[in-house]
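Dear colleague,

I am passing on the structure below, and after it you will find my notes on what turned up when I went through it. Please read them with the coordinates open beside you.

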Amino acid sequence: MIYERKPGVPKFECDVFSAKHRDYVVLIPIINEGNRIIHELERAKKADVSSVADIVICDGGSTDGCTERERLIQLGVSALLTKQDAGKQGAQLRMGIWWALQQGYKGIITIDGNDKDSIEDVPRFIEKLEEGYDLIQGSRFVKGGVAVNTPFSRLLAVRLMHAPIISLAARQWFTDTTNAYRGYSTRYLTDERVAPLRDIFVSYELLAYLSVRATQLGYKACEIPVLRAYPKYEKTPTKISPLKGNWNLLKILFKNLFGAYNP
């Protein structure tokens, strides 16, 4: 099924493999993740993640075969959303959030599709959503969290710049703010003072914005321990280029700090 473009939501194709079974959904934005997303889904299947949450792939237009339908079905994926419009990660997440809200899910968990994160911890996010939290940030830096082979430059950037700036804007301390492994309540995402479905969120703006808007508005937020592991002998899996990408992230950080993305 094709959903035509509307304000805040890109045009996309939707392939539903199984009907809604759970109250919560895991959205996984990907583009050409190859075997990384396949291995991540295999881990999810082994951990029986689909027994507590539906799994939905938010594809940015992969051409490497990682979204082959029959294999996704075998790995327990409920739906494949394929963006057919402009935009990067932010557009993929807007596509997924809009679709999930239309299906009536109580909450949304997001996780990268590059096999760095402990998808086995999805039940922990759901526990916190059930307890009434509206933003749950996964962190490798809190007690119980595990950081494996984190590049030193990434470690410095997160601990000394990204986390302090996000925490200042949020008025609550967060430790692992570049981590997209998160949980969001539907009441948070549907608040008109949040309004995440806007075309200004193209790349990483939405992640930065949703990190701070919850506590600004009085919603409950917390961190929970997760594992984030970088491959030891391979190129770091990331879509952020060293110069242009990091400069853009820095601009997003400061625009977010001064409320540029608020409705």
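Predicted model: local features only at pLDDT ≥ 70, side-chain atom pairs only at ≥ 80, totals over all residues.

Leaving aside residues up to four places away in sequence, arginine 43 touches Asp115, Asp117, Ser118, Ile119 and Glu120. Is arginine 43 buried or exposed? Its relative accessibility is 17%, and because the cut-off for buried is under 20%, arginine 43 counts as buried.

Arginine 43 belongs to helix H1, which runs over residues 35–46. The buried residues of H1 are Ile37, Ile38, Glu40, Leu41, Arg43 and Ala44, and what covers them includes strand S3 (24–30), strand S4 (54–59) and helix H2 (69–74). As background to that pattern, an α-helix has 3.6 residues a turn, so residues three or four places apart point the same way. The length of H1 also agrees with expectation, because its 12 residues, at 1.5 Å a residue, should span 16 Å, and the C-alpha atoms at its ends are 16 Å apart.

After H1 comes aspartate 48, which has a positive phi near 60 degrees, although aspartate 48 is not a glycine. This residue lies in the loop between H1 and S4, and with a relative accessibility of 43% aspartate 48 counts as partly exposed. Most residues other than glycine have a negative phi, which is the reason for listing such cases here. A second one is arginine 171, where phi is positive and near 65 degrees; arginine 171 sits in the loop between H5 and strand S9 (182–185), and at 64% relative accessibility arginine 171 counts as exposed.

Helix H5 (residues 152–170) packs against helix H7 (residues 205–216) at an angle of about 35 degrees, and the two axes are 8 Å apart. On the H5 side the contact is made by Ile166, Ala169 and Ala170, while H7 contributes Ala208, Ser211, Val212, Thr215 and Gln216. By type, the residues of this contact comprise 5 nonpolar and 3 polar ones, with no charged residue.

Turning to the aromatic rings, the count comes to 8 aromatic pairs. One of them joins phenylalanine 12 and tryptophan 98 in an edge-to-face arrangement, with 6.1 Å from centre to centre and 75 degrees between the planes. This pair links distant parts of the chain, since phenylalanine 12 is in strand S2 (residues 12–16) and tryptophan 98 is in helix H3 (residues 89–103), 86 residues apart. Both phenylalanine 12 and tryptophan 98 are buried, and together with Tyr3 they form one aromatic cluster.

Finally, there is a residue in the loop between strand S5 (79–83) and H3, namely glycine 87. Its relative accessible area is 27%, which means that glycine 87 is partly exposed. How far apart in space are glycine 87 and aspartate 199? Their C-alpha atoms are 8.8 Å apart, although the two residues are separated by 112 residues in sequence.

Terms used. Residues numbered from 1 in each chain as written. Heavy atoms only, no water. Axes fitted to C-alpha atoms, helices over the stretch in contact; angles between N-to-C directions. Helix = DSSP H or I, 4+ residues; strand = E, 2+ residues; numbered from the N terminus. Contact = heavy atoms within 4.5 Å. Nonpolar A, V, L, I, M, F, W, Y, C, P; charged D, E, K, R; others polar. Buried < 20%, exposed > 50% of the residue type's maximum accessible area, 1.4 Å probe, protein only. Expected span 1.5 Å × (residues − 1). Phe/Tyr/Trp six-rings, centres within 6.5 Å; stacked < 30°, edge-to-face > 60°.
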